[in-house]
Amino acid sequence: MFTGKDIERFANIETPFYYYDLTLLQQTLSACASAAAMYNYHVHYALKANFNPVVLNAIKEKGFGADCVSIGEVQRAVELGFRAGKIVFAGVGKSDREINQALDADIFCFNVESVQELGIINDLAASRGKKARVAIRINPNVDAHTHHNITTGLDENKFGVNSWDLPACVQALKDAENLEFVGIHFHIGSQITSLEVFRNLCTRVNEFAAWFEDKGFVVRVLNVGGGLGIDYHNPDAQIPDFSSYFQVFNEFLEVKSYQEVHFELGRALVGQCASLLSRVLYVKNGKKKNFVVLDAGMTELMRPALYQAYHQIENLSKAGKAAALRYDVVGPICESTDCFAKELELPETARGDLFAIRSAGAYGEVLASGYNLRERAPALYSES
Ligand SMILES: *Cc1c(COP(=O)(O)O)cnc(C)c1O
């Protein structure tokens with residue numbers, strides 16, 4: 001929620017820019033950390049959701065680990081002071097250089113996504129005289145009931161080892177002298193809003209853990225990934241309900257005394273704390289449509305163009321005024337998908353009005369591109 005004071009502060013600031021509410025970020029991080037502590041759960045923050053240094057620093061200070069999907073993210077996490085022993089590294093396509101550098105950084109664990117990758121990590125570790133800790137990322141074929149572009153745990157998805165490849169995985173692990181098996185890993189998708197989905201995941205995790213132990217392995221780590229969604233339709237409502245989320249796992253996951261449960265949350269920790277601020281360049285009133293042309297576009301916030309994502313859009317200059325017209329809210333980029341909302345009811349809008357595109361903290365600033373030779377939008381932070 002923007003106060004009159006915020007809007008005054010924005011008056012002389014050039015748009016577009018990202019605005020971070022650091023108080024809200026702190027509240028969210030604290031809520032997650034204390035809910036996880038109830039069950040001794042370990043939470044790794046998924047850097048790809050937002051690697052803004054101010055945000056990352058706040059997350060590190062709270063004691064979270066780091067979940068990385070490239071060596072760049074591993075190195076950023078190390079530079080910012082995340083402990084190597086709390087860094088995990090997933091990804092279907094880790095290059096040899098990335099694997100070597102992660103071995104040198106002595107990260108906690110590689111989340112391995114194919115039988116072939118196991119062999120490669122073993123060979124690279126051997127040539128460095130090291131043992132690599134690995135968890136097997138399993139594709140559990142659980143439907144995340146989310147947008148098809150952000151589902152990752154179905155048979156048709158590229159991520160993880162499919163169940164029919166697990167016997168080959170076991171053989172590769174038994175043959176590998178330079179691998180230390182630590183456990184199993186899952187990540188079934190993003191923006192998951194039904195806790196039922198996580199309950200189904202627990203059932204599958206229990207089955208796979210039992211299967212591995214039956215084959216003679218000690219499954220020390222159960223890493224259930226991330227994916228908890230946020231309420232994009234109510235940006236000022238409650239922060240995500242971490243207590244209920246962790247409760248599902250407490251209730252349905254079978255955890256032995258020697259096992260640790262790990263999570264990899266991204267969006268739920270950072271999604272709500274940022275907005276993209278933009279001003280209206282032009283208003284085009286047509287016969288069939290009215291367009292609001294903003295100075296921000298898909299180069300600043302790609303989610304709507306990439307997966308038809310919804311963000312609440314507010315005309316801050318006309319706050320409190322009743323909706324009067326329907327507008328398509330679009331950006332300046334030369335692509336028809338550069339559209340934030342269609343047929344949105346707004347107060348009568350004019351050139352210069354200040355707009356806020358809400359809940360842009362996750363997969364927002366990090367997905368910015370230089371397309372059309374656009375300059376990078378800067379970040380501004382709440383004063384706290
Ligand atoms: C992206 C990603 C996450 C985080 O997903 P969110 O939906 O942002 O919580 C966790 N684990 C892995 C392996 C990922 O790729």
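An oxygen atom of the ligand lies 2.8 Å from a polar backbone atom of R267. That is a polar contact, meaning a pair of N or O atoms within 3.5 Å. The table sets it beside two others.

| Protein side | Distance to an oxygen atom of the ligand |
|---|---|
| S190, polar side-chain atom | 2.3 Å |
| G227, polar backbone atom | 2.9 Å |
| R267, polar backbone atom | 2.8 Å |

Taken alone, the ligand exposes 390 Å², and the protein buries 95% of that. Such areas come from the Shrake-Rupley method with a 1.4 Å probe.

This is a predicted model: local features need pLDDT of at least 70, side-chain atom pairs need 80 or more, and totals for chains, interfaces and linings use all residues. Residues are numbered from 1 along each chain as its sequence is written, and side-chain values use heavy atoms, without hydrogens and water.

How many residues surround the ligand? There are 16, and the closest are K48, S190, E264, R267 and Y363.

Now the charged pairs. Side chains of opposite charge can pair when their charged atoms come close. The count comes to 15 salt bridges, each a side-chain nitrogen of Lys or Arg within 4 Å of a carboxyl oxygen of Asp or Glu. E117 forms one with K94, with the closest N and O atoms 2.6 Å apart. E117 lies in helix 6 (residues 115-127) and K94 in the loop between strand 4 (87-89) and helix 5 (96-105), so the pair ties together parts 23 residues apart in sequence. Helices (H or I, at least four residues) and strands (E, at least two) are DSSP runs, numbered from the N terminus.

Last, the backbone. The peptide bond from T15 to P16 is cis, with omega near -5°. S359 has a positive phi, near 55°.

Key:
A residue is near a molecule or strand if one of its heavy atoms lies within 4 Å of it. A polar contact is a pair of N or O atoms within 3.5 Å; within protein, one must be able to donate a hydrogen and the other to accept it, and residues adjacent in sequence count only if both atoms are side-chain atoms.
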